[in-house]
Amino acid sequence: MGEQVDTAVRGPQAFALARTTIDKMEAAKIWPTPLNYELWLHYVSQPHSPLGQEILRLLDTDTPFTDAVAEMLATEYLPRSRLSEEIRDAGAVLNRELAAVATAIDKAREMQMQYADTLSDAQTHFDNTEAPTTLAEVVDVLSRATRRIQRHTIVLEKRLESSHTEVNKLRTHLEQVRRDAMTDALTNLANRKAFDEQLASLCEEADASGSAVTLAVIDIDHFKRFNDTWGHQTGDQVLRYVAAAIARLAHHPRIAARYGGEEFAVVFPGEMANDVEAAINTLRAEIASRALRRRSTNEDLGIVTISAGLATRGTNESPLQLMERADAALYVSKRNGRNRVTSAENSLEETAA
């Protein structure tokens with residue numbers, strides 16, 4: 001996706017594309033910040049891409065395009081552009097360390113060859129009866145050669161130790177960068193990209209082991225009303241509140257993510273629908289048990305409620321099919337008045353009855 005956009009902004013239609021992007025941002029009342037412009041440039045040039053479809057969904061649902069939303073979209077859909085500078089820097093460090101190690105090893109190899117030559121010369125002197133060399137002289141030569149190679153061995157060991165430390169630091173840094181790229185900036189839960197990858201991996205493991213996988217999709221009820229009434233910063237406060245409660249529920253091996261906007265998803269490996277339904281109902285009750293207050297003014301915001309749908313994976317069911325069934329169960333919860341949990345399995349049983 002990035003390469004196609006990069007080509008477009010260097011082609012004959014580049015300025016027309018830029019003008020169209022700005023016009024659409026202005027029509028949607030989106031501030032032309034660098035990050036917003038980059039996101040909308042992708043949206044305008046490739047409306048059918050995953051990023052384009054997500055922005056279109058946000059527009060259709062009147063979701064405010066806040067800085068937090070922009071950061072979330074960039075993290076989920078533009079990870080390579082965000083990571084490229086970090087990776088380039090890491091590559092430069094790694095190349096420098098490898099070059100230093102290679103130089104140290106070459107020097108050590110050279111010293112070893114010289115030492116071997118010294119030993120060979122000593123043997124020649126011992127064997128040459130016509131021009132005998134005193135034992136003391138030979139020992140002195142060997143002693144000096146041994147000390148030289150010992151000094152270079154110490155230098156090599158220090159160089160290798162230093163490089164080992166640098167590479168470990170680099171590995172730690174890259175791991176942190178990878179975690180940041182897979183984390184939603186607002187809630188500190190996994191983002192959609194990370195969630196999709198982990199769900200696919202868990203489904204593969206379930207196929208191999210025959211274990212269950214249950215997925216719950218959670219949506220904050222009437223979230224747009226919070227934003228419209230209290231502003232986007234208060235909306236972000238609500239998102240963080242719900243995310244914190246979900247994070248407490250999603251202890252290992254469960255996995256929780258902010259899936260998009262005010263929607264969250266939790267995977268329950270090895271757990272069946274009835275147990276998961278009970279856990280989500282406990283979560284629902286916990287979230288609704290507190291009356292929230294606006295931090296800046298201490299005004300009463302009322303209570304927050306959630307709706308949820310869940311589905312237990314069927315045999316060889318794909319992650320997408322599992323998500324679609326959980327989503328369908330979520331919409332049943334919404335149609336039935338919200339602030340409730342619906343299991344896809346139980347919903348089907350009720351329909352059949």
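Reader: Before anything else, which residues count as nonpolar, charged or polar here?
Author: Ala, Val, Leu, Ile, Met, Phe, Trp, Tyr, Cys and Pro are nonpolar, Asp, Glu, Lys and Arg charged, and the others, Gly among them, polar. This is a predicted model, where local features need pLDDT of at least 70, side-chain atom pairs count only at pLDDT 80 or more, and totals for chains, interfaces and linings use all residues. Residues are numbered from 1 along each chain as its sequence is written, and side-chain values use heavy atoms, leaving out hydrogens and water.

Reader: Ok, how many cavities are there?
Author: Searching the whole structure gives two of 30 Å³ or more. A cavity is a set of points on a 1 Å grid over the protein atoms alone where a 1.4 Å probe fits but cannot get out; its volume is the space filled by probe spheres set on the points, which are joined across faces, edges and corners. The largest cavity holds about 100 Å³.

Reader: Which residues lie nearest its centre?
Author: Val69, Phe223, Asn227, Asp236 and Leu239, out of 13 lining residues (those with an atom within 4 Å of a point). Four of the lining residues are nonpolar, six polar and three charged.

Reader: And which helix gives the largest share?
Author: H10, with four residues; H9 and H10 each supply at least two. Helices (H or I, at least four residues) and strands (E, at least two) are DSSP runs, numbered from the N terminus.

Reader: Where do H9 and H10 meet each other?
Author: On the H9 side, Phe223, Phe226, Asn227 and Trp230 make contact (heavy atoms within 4.5 Å) with His232, Thr234, Gly235, Val238 and Leu239 of H10. Five residues of this contact are nonpolar, four polar and none charged.

Reader: Switching topic: what about the largest pocket?
Author: About 800 Å³ of space lies there. A pocket is an open set of points with protein on both sides within 12 Å along at least five of seven lines. Glu54, Arg57, Arg192, Tyr259 and Glu263 come closest to its centre, out of 36 lining residues.

Reader: What's the lining made of, by class?
Author: It has 17 charged, 13 nonpolar and six polar residues. H12 (319–335) provides the largest share, seven residues. Elements supplying at least two residues each include H4 (50–60), H5, H8 (192–209) and H9.

Reader: Which residues have a positive phi without being glycine?
Author: Aspartate 62 is one of them, with phi near 60°. That residue is in the loop between H4 and H5, and counts as exposed because its relative accessibility is 52%. Asparagine 298 also has a positive phi, near 65°, and belongs to the loop between S4 (291–293) and S5 (300–303).

Reader: Why mention those at all?
Author: Because most residues other than glycine have a negative phi, and most peptide bonds are trans.

Definitions and conventions
Buried < 20%, exposed > 50% of the residue type's maximum accessible area, 1.4 Å probe, protein only.
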